[in-house]
Amino acid sequence: MPKAHRVGDQRMCGATTVGAGLNTNVFVNGMLAAVAGDLDSHNMLGALISQSPGTILINGIPMIASIMDQGSPDQIGLITHVTGLPTPGTGSPNVNLYGGQGTFGGGLGNFGLSGVPGVGEIMQIGSQVVGQVYRTAVQGGNSGMLALNNMNPNVTPPTVNTTITSANTGKTFTFTSYYSS
Ligand SMILES: [Zn+2]
């Protein structure tokens, strides 16, 4: 189930979520719960976007679920991280949001030469289904972010250097970082 993302948790691009003063009094495991609009440590950009059902609110603002939810572009030095790279990656070890929406996993990595798999494509490790493409982002060349949902609980999740392959199109993605939620 998607983990509750908190101020101080990591984004996939390496940034850390920073509060924007929208939630000042609701804590998860002693850390401020992150809400839509909170920023990150890459130039105080990367506003969090709710893509989950958005029905769990703090002060009327949706809480953020790791991987399921999204981050706006941010910037480190002269490099802009496109939408998707600042996706919230880590979260609470024991507070989850939106049970029943499946299990999510994803991270940064490299797409194969045949391109970027589409949302909904079934991805496999070897001959075993691992999950379905939930969201992708391309950050120049063949690198980017890929997130999965409907993870198969009976398959060992990807780790760094794991390549997943689309059963639909044969397109591949090789993780250089991996988060689960
Ligand atoms: Zn970033």
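**What the labels rest on**

Analyst: Happy to. Keep in mind that this is a predicted model. Buried residues make up 42% of the 181 residues in the protein chain; a residue counts as buried if 20 or more other C-beta atoms lie within 10 Å of its own.

User: What secondary structure does the chain have?

Analyst: Strands, 17 of them, and zero helices. The radius of gyration is 16 Å, close to the 16 Å that the globule rule gives for 181 residues, so the chain is as compact as a globular protein of that length.

User: Which domains is the chain divided into?

Analyst: Domain 1 covers 1-99 and domain 2 covers 105-180. Their centres, taken over C-alpha atoms, are 22 Å apart.

User: How do you know that domain 1 and domain 2 are in contact?

Analyst: Contact here needs C-beta atoms within 7 Å, and eleven residues of domain 1 are in contact with eleven residues of domain 2. On the domain 1 side, that gives four nonpolar, seven polar and no charged residues.

User: What makes β15 and β16 a pair?

Analyst: Pairing takes at least two bridges, and β15 (residues 163-166) has three with β16, in the antiparallel sense, so they count as paired. T163 stands opposite T174 there. The two strands form a hairpin with five residues between them, and G170 in the turn has a positive phi of about 80°.

User: Which other strand pairs with β16?

Analyst: β11 (residues 105-111), again antiparallel over three bridges, with F111 partnered by F173. F173 also sits on the covered face of β16 with F175, while T172 and T174 are on the uncovered one.

Note on methods: Residues numbered from 1 in each chain as written. Predicted model: local features only at pLDDT ≥ 70, side-chain atom pairs only at ≥ 80, totals over all residues. Helix = DSSP H or I, 4+ residues; strand = E, 2+ residues; numbered from the N terminus. Rg over C-alpha atoms; globule rule 2.2 N^0.38 Å. Buried ≥ 20, exposed ≤ 12 C-beta atoms within 10 Å, placed from the backbone. Domains from an automatic or database assignment. Contact = placed C-beta atoms within 7 Å. Nonpolar A, V, L, I, M, F, W, Y, C, P; charged D, E, K, R; others polar.
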